[in-house]
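Good morning, and thank you for coming. Please look at the sequence and the model on the screen while I speak.

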Amino acid sequence: MNAKRLLTRAFTAAVVALGFSAGAARATDLTLCWAAWDPANALVELSKEYEAQSGNTMHFEFVPWTSFADRMLNELNSGGKLCDLMIGDSQWIGGAAENGQYIKLNDFFDANAIKMDDFIPATVVGYSEWPKNTPNYWALPAFGDVVGWTYRKDWFARPELQAEFKAKYGHDLAVPATFDELKQIAEFFQNRDIDGKKVYGVSIYTERGSEGITMGVMDVLYSYGFKYDNPDKPYDMEGFVNSDNAVKGLEFYKSLYDCCVPPGSSNGYMTEGVDAFKSGQVALQMNFAFTWPGFNTDANVGGDRTGYFANPAGPNGDKFAQLGGQGISVVSASDKQEAALTYIKWFAQPSVQAKWWKLGGYSALRAVVEDPGFATSQPYAQTFLDSMAIVKDFWAEPSYATLMQSSQKWFHDYVVAGHGTAKQALDGLVADWHATFEEEGKY
């Protein structure tokens, strides 16, 4: 255990009995760092209650998603003092824990009766734990998120389209049960005229620069049987990352891209998907659940015009989805850790979490999502629950950024640029990932 971690442990032990009122006696300016998106705006509104109760003043540093990882990982790696609190991506947890960039929260949680059993299990594993599946916590689950789908419910309901679709495919035009059915729907709408406007089948992730195409491809590959490594031999990837079923999944993703996306879709991620759907370009759209509140209230696609569904099944009936979302951590380089911990204590309260959901944040607290009224509280609430029940996540290793760069390259080169075969892409990915882990001494 390095000296920095010893100091962090000692500090945490010293404040285990921290009370909210104690923090309120010393007004402090705190800066919370996160991505620039709609939930961040909701958090600003929610945090006004914390400011009123604590006397502390909240400042916010929000960075667009396309540069979020670069900006904030640089901040953590350099020991910068900009951020007192960090809502960092789920994949960062391993590096932040092992490099002493977040303080460990176990003692603080114990002293303040914050129980990880009170949160959705997948979010605890995904956002808080390192090593995974051990009771070592570096964050409080802050924002549950997952990749799912929206569709033009009003288009699906048109009798003439229903009749034409059934005549062609032999089943109803409805929420797809399988990825094959999803592709049929995308093909059906591709280049179709709807209300005098040409529309397209589907918007999927293709972005090259940060994480976009990896999040999209993995969202499909999981249900095709992809595994990151041998369950019985960690970091043994041959035959798992590049299995026959994984190859079929990657081929499917490329076929969906080739047949059914709008023109100019070679580098699109969350924002581009939102724009395509709100502007009426596509019948189906892949995107994280955080986008759903905005669709529900949109002037063009809101209300009953939009429907929501969780990932359909792969060819063998498996159903999984790519985890998104983040946990909130206290940055170890901060000089204001005691005050920052009062924010986490406040945020963990059930009453605050319930308000978080109402404002557009996706609470991971079971008391909120398991409330009898939750599933019907919004048109997308049940889909959120269904999706969070089937999540998997990308590597959360300290070498996350290098692993992500490799997958971005191989996936984009094959799916969008059309270089090589799916098997060659996954073989290349295995080689790159193996080299990364070998450099880390995993073998």
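How many salt bridges does the structure hold? The structure holds 14, where a salt bridge is a side-chain nitrogen of Lys or Arg within 4 Å of a carboxyl oxygen of Asp or Glu. This is a predicted model, in which local features need pLDDT of at least 70 and side-chain atom pairs count only at pLDDT 80 or more, while totals for chains, interfaces and linings use all residues. Residues are numbered from 1 along each chain as its sequence is written, and side-chain values use heavy atoms, with hydrogens and water left out.

One of these salt bridges joins the side chains of Glu-45 and Lys-48, at 3.1 Å from N to O. Because Glu-45 and Lys-48 are 3 residues apart in helix H3 (residues 38-54), about one helical turn separates them. Helices (H or I, at least four residues) and strands (E, at least two) are DSSP runs, numbered from the N terminus.

Let us turn to the domains. Domain 1 consists of 29-146 + 323-392, and domain 2 of 147-322 + 398-439; such bounds come from an automatic or database domain assignment. Taken over C-alpha atoms, the centres of domain 1 and domain 2 are 27 Å apart.

How many residues of each domain are in contact with the other? In domain 1 there are 30, and they meet 25 residues of domain 2, contact meaning heavy atoms within 4.5 Å. The two domains bury about 2,300 Å² between them, and carbon and sulfur atoms give 66% of that area. Buried area is the accessible area (1.4 Å probe) that two parts lose on being put together, summed over both. On the side of domain 1, Tyr-380, Ile-390 and Lys-392 lose the most area to domain 2, together 28% of what that side buries.

Between domain 1 and domain 2 the count of salt bridges is 0. Elements giving two or more residues to the side of domain 1 that touches domain 2 include helix H4 (65-77), strand E4 (140-152) and helix H18 (381-388).

Next, the disulfides. A search of the whole structure finds 2 of them, a disulfide being a pair of cysteine sulfur atoms within 2.5 Å. One joins Cys-33 to Cys-83, with 2.0 Å from S to S. This pair links distant parts of the chain, 50 residues apart: Cys-33 lies in strand E1 (residues 29-35), and Cys-83 in the loop between H4 and strand E3 (85-89). The link of Cys-33 and Cys-83 is left-handed, with -90° about the S-S bond.

Finally, consider the backbone. Is the peptide bond from Trp-130 to Pro-131 cis or trans? The bond is cis, with omega near -5°. Pro-131 is found in the loop between helix H7 (121-128) and E4. Asn-133 is also placed in the loop between H7 and E4, and Asn-133 has a positive phi of about 65° although it is not a glycine.
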